[in-house]
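Biologist: Hi, could you walk me through this one? I'd like to go piece by piece.

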Amino acid sequence: MLVMDNYSLKEHNTFGMDVKCAKYIQYSSVSELESIDFDSLPKPVKHIGAGSNLLFTGDFPGTVLHSAITTVKYVDMGLEEVPVMVGSGVVVDDFIAETCGYGLWGMENLSLIPGEMGAAAVQNIGAYGVEFKDVVSGVVCYDIQERRKVKFSVQECAYAYRDSMFKHAEGRYIVTSLLLRLSRAYKPRLEYKGVREALGLSPDDQPADLSPKQVRDAIIGVRNSKLPDPKETGSAGSFFMNPIVSPLQFAHIIDVARAEWGPDVKVPHFILDGGFVKVPAAWMIDRCGMKGVSVGGAAVYEKQPLVIVNASGSATAADVLAVERRVIEAVEQKFAVTLRPEVEHI
């Protein structure tokens, strides 16, 4: 177990914020986690993964915990539905590459999303028609309050769009491992136009011979064309959540778009249960002319306006927050929709 005081977190957040925490603890087993005296730690206590969905707004006065539990166990590779136990410290994309290599379906559409498995289970990451909840059957945690291991079914996790019950439990539960359900059955998810185009498919094509790796490679190509490599340009990926609006609000968005860009303008959207509509935040931000807008060392990424980047490499949290405010204000003014950040501010 690694225990460090006054520890730099610059390498533990993909925005590259140069901040410190009072104490940092990295554990590599459940028994090490159980041995921690939580009562004596500097408060608050915050558990992080790879820091790919965080914005540290300053030095953290408490304790940062990190899992280095990296075990992966395929319970029975002979079944059509393959159960897999995965440690919370496993890198998401490394695991997806491995499962696609084994010909297992389920997570290929999540390829290249940065982060670790424990944080993915908390955040319910998603992309191209797939969410983490679609492959999870159980989440094993350590309950800090009761000092014991607990397990939650996928239903008990109360998953929703970029949400779960873990995000509302005030840090009580630390994810240690996950039970996933992957499949040998042919199950490509090809609803998104960009993914089909990357695979060379027409809208009417119904391919019967794709592999998980082929879909993964297509997803990686699409993501690389739009998103910065966090190893080269600091960011936390998609900064804003796609807003879910009422039919009345969506009608207003259409009216605004047609008034400004003509009657033939198309507003991209997805119809959800209950008649609600999900509108891509990237489209709204782009239509507000915010691509490339910068404050200090931070900017809206020119290739994908959903992303705020540490363009200079030395942007401060204040720079990022200022860009965030400008984007939110621009979208509110034009469309009367309030964007919410997906990135957690600490």
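Modeller: Happy to, and keep in mind that this is a predicted model. Let's begin at the end of a helix: Ala336 follows H8 and has a positive phi, near 60 degrees.

Biologist: Which residues of H8 are buried?

Modeller: Among them are Ala317, Asp319, Val320 and Ala322. Glu324 is on the buried list too, as are Val327, Ile328 and Phe335.

Biologist: What is the lining like by class?

Modeller: The lining of the second largest pocket has 12 nonpolar, 11 polar and nine charged residues.

Biologist: Is Thr14 buried or exposed?

Modeller: Buried: its relative accessible area is 18%, and the cut-off for buried is under 20%.

Biologist: What does Thr14 touch, leaving out residues up to four places away in sequence?

Modeller: Thr14 touches Ala50, Gly51 and Ser52, and also Pro230, Gly234, Ser235 and Ala236.

Biologist: You mentioned S13. What is the order of strands in its sheet?

Modeller: The order is S13-S19-S18-S17, an open sheet of four strands with antiparallel pairing. Strand S13 (234–238) and strand S17 (294–295) are the edge strands, and each pairs on one side only.

Biologist: How many bridges join S17 to S18?

Modeller: Two bridges join S17 to strand S18 (residues 298–300), and these strands run antiparallel. Val295 stands opposite Ala298 in S18.

Biologist: Next, the sheet with S14. Which strands stand at its edges?

Modeller: That open sheet has three strands in the order S14-S16-S15, with antiparallel pairing. Strand S14 (244–245) and strand S15 (270–271) are at the edges; each has a single partner strand, so one side of each is left without a neighbour in the sheet.

Biologist: How does S14 pair with S16?

Modeller: S14 and strand S16 (residues 277–278) pair in the antiparallel sense over two bridges, and Ile244 stands opposite Lys278 in S16.

Biologist: Last topic, S10. How many of its residues are buried?

Modeller: Seven of the eight residues of strand S10 (residues 136–143) are buried, which leaves the strand mostly covered.

Biologist: And which strands does S10 join up with?

Modeller: Seven bridges join S10 to strand S12 (residues 173–183), running antiparallel, with Gly138 opposite Leu179 in S12. Six bridges join S10 to strand S11 (residues 148–153), also antiparallel, and there Asp143 stands opposite Arg148.

Biologist: What sits between S10 and S11?

Modeller: Four residues, as S10 and S11 form a hairpin. Arg147 in the turn has a positive phi of about 55 degrees.

Terms used: Residues numbered from 1 in each chain as written. Predicted model: local features only at pLDDT ≥ 70, side-chain atom pairs only at ≥ 80, totals over all residues. Heavy atoms only, no water. Buried < 20%, exposed > 50% of the residue type's maximum accessible area, 1.4 Å probe, protein only. Contact = heavy atoms within 4.5 Å. Pairing = 2+ DSSP bridges. Nonpolar A, V, L, I, M, F, W, Y, C, P; charged D, E, K, R; others polar.
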